[in-house]
Structures are given as C-alpha cells and as structure tokens.
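Me: Hello! I am new to this structure and would like to learn how to read it. Could you take me through it feature by feature?

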Amino acid sequence: MQRARIIGTGSYAPEKVVTNADLAKLVDTTDEWIVERTGIRERRMAAPGEFTSDMALKAAVRALEMAKTRPEDLDLIVLGTISPDMPMPACAAFLAHKLGATKCFAFDLSAACAGSLFGMSVASQYIATGQVKRALVVGVELLTRLIDWDDRNTCVLFGDAAGAMVLGPSEDPNRGILSTHLHTDGAQTGILCIPGGGSMHPQSPEVLKEKLHKVAMNGREVYKFAVKSLTSAVEEAFAANQITGKDVQHLIAHQANIRIIDAVLERVGIPRERAWLNIERYGNTSSASLPTTLDEANRAGKLKPNDTIAMMAIGAGMSWGSGVVRW
Ligand code: UT7
C-alpha cells in the first residue's frame with residue numbers, strides 16, 4: 001500500500017466582501033453579536049454569473065501549479081459540495097471540462113462541511129491501492145445563493161470560497177496522510193438541511209413560498225453535536241497515531257464557529273496558536289473551509305517537512321471526521 005501525500009494546495013475567494021454591518025441593514029443583527037457568537041467579521045460573495053465550478057477552477061489551477069501537475073495527468077477529481085452548478089450532472093464534470101482534465105473520472109461528494117475531508121480520505125484510498133497516481137480534491141461552496149437572506153440565524157454565517165489539494169503517492173512512507181477517521185449519524189439529518197428540491201419535496205411553488213430550498217438549521221443542536229463529535233474524532237485520530245495534542249504543530253479545521261474550535265482545542269489539548277483560522281475573513285465556507293485554510297498556512301511557508309497536522313471537519317448529515325497528516 002502506497003501512502004498518499006498532499007503535493008499542492010490552492011484556494012480562491014470571490015472579490016466582493018460582505019461585512020457584518022452590511023448584514024445589519026438586512027436583518028435584525030449587530031456586528032457585536034456576530035463577532036462575539038461566531039468570530040466572523042466578513043464573508044465573500046460570488047459575482048453574478050460566477051458559478052461553483054468557476055470558483056473550483058481557480059483554486060484547482062493554483063493547486064495544480066504548485067503540484068507541477070498538468071490537468072490531463074489527473075486520474076481522479078473528487079469535489080465536495082452541496083451547492084453545485086446544477087443538481088445533475090456533477091459539478092466535478094463541469095470542473096474537469098473547464099480544467100481540460102480529459103483522462104480522469106470525476107464525481108461530487110455530498111458530506112456538506114466535511115466534504116473536503118471525506119474527499120481527501122476517498123482520494124487517498126485510491127492512491128494507496130495504486131489505482132490512481134494523481135488526484136484533485138476540491139471543497140467548494142457558493143452558499144450565498146442557498147441561504148435565506150431574511151433568516152438571521154443562518155444568513156450571517158456563510159460565505160463563498162473554494163479550496164483544492166492535489167494528492168500523489170508519497171516517496172517517504174513516514175510522510176503524508178497518516179489516517180482519516182470518518183463518521184455519519186443519520187439520525188441528525190433534521191438539524192441542518194435544505195429540505196426542498198429533492199424527491200421528498202420536489203420543486204414547486206409551495207417549496208419556494210415556504211423557502212424549503214434554503215438552508216435550515218437548528219444552530220444550538222448543531223453546536224452541541226459538533227463539539228462532542230469533533231472532540232471524539234480527534235481523540236480517535238490521536239489514539240490511532242499514538243500522539244497527543246502536544247505533538248501537533250498545526251490544526252487545520254472546518255470553521256463554522258470560533259467557539260466550537262476553541263472548545264475542541266481545549267478538550268484535546270492543542271494550544272490555540274497552533275490553529276489556522278480564516279473564519280474572521282470568510283465566515284463558514286463549508287467544504288472550502290479546510291482546504292483554503294491549509295493553502296493559507298502552506299503559502300505562508302509555515303508547514304515544515306515532518307510537521308504533524310491535525311484536521312477536523314463536521315457538516316450536515318451529520319457527517320464528521322478527523323485526519324492526521326505528516327507534512
Ligand atoms: O458548518 C457546520 C454547520 N454549522 C454550525 O456548526 C453552526 C453551529 N451553531 C452555531 O455556530 C451557533 O449555534 C450559532 C452561531 C448559529 C448561534 O449562536 P448561539 O450562541 O447558539 O445562539 P442561539 O441560537 O442560542 O441564539 C441566542 C439568541 C436567540 O435569541 P433569544 O431566543 O435568546 O431571544 C436568537 O434569536 O440570539 C438570537 N440570534 C441572533 N441575534 C442577533 C440568533 N441569530 C442572531 C443574529 N443576530 N444573527
């Protein structure tokens with residue numbers, strides 16, 4: 001079995017900035033409430049006519065450049081998203097075409113905010129078996145088109161972005177993706193979902209009227225579930241790799257709420273200064289959150305060979321997990 005390694009990272013966020021003050025003009029909220037309860041100061045919004053696959057393309061090109069990989073040399077694209085260009089076909093197919101990745105197979109993966117961690121895990125298994133030599137994993141969301149701008153419980157949280165990672169076989173068996181531990185609890189489908197637009201509530205005037213095609217969330221339940229399950233997933237990863245929080249140089253996490261991250265950090269013994277954060281600037285970008293953060297840390301030159309990186313992510317499903325990477 002060949003261990004997989006991340007050989008390139010890339011990210012992209014649209015230019016348009018939406019501040020908390022902008023949102024306070026739309027709904028009954030304040031900059032103070034949003035910053036204090038979430039850590040978010042601003043988020044980005046895709047331009048009219050900009051699609052999910054366009055954002056994915058920009059992040060992917062950057063990751064491929066770093067990995068010195070041509071699109072036509074990709075064997076696999078896994079794209080984590082819940083906001084694709086269309087319900088069918090896969091957003092990954094649009095991306096493959098825009099990239100010129102003509103030899104790969106490409107599919108979307110639906111694990112919401114955990115999409116890029118799940119995608120990294122899937123792609124690394126293909127590399128481990130030798131079936132794939134070069135894989136592109138993308139986490140991309142254009143959530144500003146899927147949120148209800150009248151709902152202060154959700155509209156202050158989310159933003160648009162894309163992140164990408166190129167995976168290849170590691171020459172050094174001690175470096176690369178050491179482990180991933182993934183979980184899903186389908187009993188929690190109701191606490192975070194987009195109820196309309198599928199087979200349960202097909203598109204109809206009623207679905208639109210009731211706004212069932214928009215993100216619905218029980219924030220408090222998601223919060224409690226996230227702290228509990230992320231803590232146990234990171235502990236599981238530590239046990240599997242026989243490490244503790246002290247051995248971790250970097251935490252790269254999905255960022256939904258700074259308070260969730262802080263609560264988990266405290267429980268697993270990772271100092272706060274080791275967590276890479278961009279929630280303040282981008283908000284919750286769902287599956288894009290983890291790879292954009294990884295790319296920022298990487299391009300800042302902060303990830304040194306043999307550094308240990310802990311990863312964690314959670315999203316609708318609920319689906320969640322952890323990863324350990326030796327850089
Ligand atoms: O990406 C994975 C999925 N998402 C998450 O992980 C999100 C997890 N949940 C959270 O991050 C937090 O639960 C929220 C940030 C969504 C909410 O924070 P909270 O501290 O759990 O607040 P709450 O829902 O308990 O609401 C407290 C109060 C309520 O008012 P009352 O009932 O106490 O009068 C809300 O109506 O805050 C009110 N509220 C707001 N006030 C101002 C809710 N949203 C807002 C808002 N501005 N935007």
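Me: Let's start with strand pairing: which residue in β5 is the bridge partner of V78?

Reply: Strands (E, at least two residues) and helices (H or I, at least four residues) are DSSP runs, numbered from the N terminus. Two strands pair if DSSP finds at least two bridges between them. Here, the partner of V78 in β5 is F107. Strand β4 (residues 76–80) pairs with β5 in the parallel sense over 5 bridges. V78 also has a bridge partner in β6, namely V137, and 5 bridges join the parallel strands β4 and β6.

Me: Before we go on, what kind of model is this, and how are residues numbered?

Reply: It is a predicted model, in which local features need pLDDT of at least 70 and side-chain atom pairs count only at pLDDT 80 or more, while totals for chains, interfaces and linings use all residues. Residues are numbered from 1 along each chain as its sequence is written, and side-chain values use heavy atoms, leaving out hydrogens and water.

Me: In what order do the strands of that open sheet lie?

Reply: The order is β1-β7-β6-β4-β5, 5 strands with mixed pairing. At the edges are β1 (4–12) and β5 (105–109), each pairing on one side only.

Me: Which helix touches β4, β5 and β6?

Reply: Contact means heavy atoms within 4.5 Å. Angles run from 0 to 180 degrees between N-to-C directions, with axes fitted as lines to C-alpha atoms, for helices over the stretch in contact. Helix α4 (residues 91–99) packs on the sheet there, touching β4, β5 and β6 (135–141), and its direction makes about 130 degrees with that of β4. Helix α11 (residues 289–299) packs on the sheet too, touching β1, β6 and β7 (161–169), at about 95 degrees to β1.

Me: How many residues of β6 are buried?

Reply: Buried means under 20% relative accessible area, exposed over 50%, and partly exposed in between (1.4 Å probe, protein chains only). In β6, 7 of the 7 residues are buried, so the strand is largely enclosed by the rest of the structure. A135, V137, G139 and E141 point one way, and L136, V138 and V140 the other. β6 also runs antiparallel to β7, joined by 7 bridges; L136 has V166 as its partner in β7.

Me: Which residues touch the most other members of the largest nonpolar core?

Reply: A nonpolar core is a set of buried Ala, Val, Leu, Ile, Met, Phe, Trp, Tyr and Cys residues joined through side-chain atoms within 4.5 Å. The largest one has 45 residues, and L230, F238, L251, I270, M312, I314 and M318 touch the most other members. Helix α8 (219–241) is among the elements that each supply at least two residues, and α8 gives the most, with 9.

Me: How many disulfides are there?

Reply: A disulfide is a pair of cysteine sulfur atoms within 2.5 Å. This structure holds 0. The sulfur of C193 is 13 Å from the closest cysteine sulfur, in C113, too far for a bond. C113 is buried at 8% relative accessibility, whereas C193 is partly exposed at 25%.
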